[in-house]
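Hi,

Here is the structure I promised to pass on. Please open it first, then read my notes below.

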Amino acid sequence: MTGLSAIAAANGWFITVTGLVIVFTGLALLAAFIASLDKLLAFWDRGVAWLQRPRRRGSSGPAPGALAHQGPAPLPRADASARTVFLGGETLEVYQYFQWLTRRQGDVFSLSRLLEQAEKRGIPRPHFHLDELLVLGLIEELPGEECGFYRWTPGISVQPEE
Amino acid sequence: MDMVVAFFKNTGFGLVDYRHFIMMAVGIGFIYLGIAKHYEPLLLVPIGFGILMGNVPIFKGLGLGIYESGSVLNYLYFGVRQGIYPPLIFLGIGAMTDFSTMLGRPKLMLLGAAAQVGIFVTYLAALALGFPSNEAASIGIIGGADGPTAIFLTSKLAPELVGPIAIAAYSYMALVPVIQPPIMFLLTTKQERLIRMSDPRPVGKREKIIFPIAGFLLCCFLAPAALPLLGMLFFGNLLKECLVADRLAQTARTALIDIVTIILGITVGASTQADVFLTAKSIGIFFLGAASFMAATAGGILFAKLMNVFSQDKINPLIGAAGVSAVPDSARVVQMIGNREDPSNYLLMHAMGPNIAGVIGSAVAAGVLWSFFMAP
């Protein structure tokens, strides 16, 4: 059997329409979910920040759930007198990844290795953010014989920008 | 003297006929395209050499041929017959793919869905030409421009056609730079090809981690038969994005996918034995496969034009052609054509979105087709 009758006999029209509808529905639902994902995450962050706000006073580190904000990163600002640095958006997220990556190297780490690992893991703009952290004094070079190696500057706390 | 004659009759020189030469020419052609023209060399070189291996005339019954039970090639071919290799390749693809361009502008995913129209149009055409339903579905999936998906579905629905369909799918994927441009020029105006697109929004790491989990659950709830392919694709991507399983991701995107590609390429090539491959049906499959690619390309472009009718944020319709998957070649072709019109217009980043969505779309389409034919 050939022609339109073969298509009809094999339920071809039904399979085609149903198949296309399922493919479109699947990808459209996924697209809708992705489109709203950043809003959902921002909503989640606000909720977590609200829950943790009273307990965060006096702590030296940032609240993990409240850290990563989406959207364009505002410029970070340093408050030298209080030794507290306020970070926001992508910079804050990258700061956390860098902390996690350097933990594998130990207290003293190499910047080139850190950058290599960051690039391998697809962390956005690692050179730019590393430079930011250096300028803000969050990372310092070791003196003397260990010159060329770096560590996280002790006594500086990082807070998420409001 | 009789022994010498008998020996000669059992050598390749005694057993060869013209069909073997035709297939060897095809194999050498594949190797040439891969090495000299750089058309998908990682696929065409193993497949081309596999064609040579499969078409050395051999004495049947010695347990050498790929279709002879107990032969080495037959054991390796088991992974093709049972659809084991394609999900492993998807694992590697997931571990090497960055979904951020797609996540940054999710509406472009619809182009990946629109391009799957080629699969279903070809399915109808194959039915109309008299192919049985299961074979028609396997031929249609060539339009998904995704070799592993085509092999996976064919191994489930029409295992005897794995050779011709895999060869057709990979041939046309290699020929994307030849097949797509005329259709792109035909269906778009110069003004449309000059459209510049705005940058996608930045995508956070958490979104990249959540996406493979949510994407897997959503797609597989909708088309459960796509689970082996999409499960591995999204799992590979989760390994890449979660940062804590870097060794696994590294293995999946390097050693594992390379090993599977070698075995898949060789066995698919070797499965094209002249007596099995050179049939009228294979020629029909090749023609329909080309039509499928063209229909898929046209579907993506026309849908992009349709989206422009309703959207304020115009998209360059050329990127619709990338919805056929064939990652990343079709996106490169979009960049090439766009660049020809305006050398400062960079479309590659935008084209990668529909390109990757096309991979998901073709896997969902394969799952849907398989569901229809495995239903009692």
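**Where the chains meet**

Across the interface of chain A and chain B, the rule finds three residue pairs in polar contact, both residues at pLDDT 80 or more. A polar contact is a pair of N or O atoms within 3.5 Å; within protein, one must be able to donate a hydrogen and the other to accept it, and residues adjacent in sequence count only if both atoms are side-chain atoms.

On chain A, the elements giving two or more residues to the side that touches chain B are α1 (3-9), α2 (12-52) and α3 (89-105). Helices here are DSSP runs (H or I, at least four residues), numbered from the N terminus. α2(A) gives the most, with 26 residues.

The model is predicted: local features need pLDDT of at least 70, side-chain atom pairs count only at pLDDT 80 or more, and totals for chains, interfaces and linings use all residues. Residues are numbered from 1 along each chain as written, chains are lettered from A and ligands numbered from 1 in written order, and side-chain values use heavy atoms, without hydrogens and water.

The rule also finds two salt bridges across this interface (a side-chain nitrogen of Lys or Arg within 4 Å of a carboxyl oxygen of Asp or Glu). D45(A) and R206(B) meet in a salt bridge, at 2.6 Å from N to O.

**Backbone notes**

V327(B) and P328(B) are joined by a cis peptide bond, with omega about -10°. P328(B) sits in the loop between α19 (280-310) and α20 (329-341) of chain B.

R125(A) is not a glycine, yet has a positive phi of about 45°.

Best wishes
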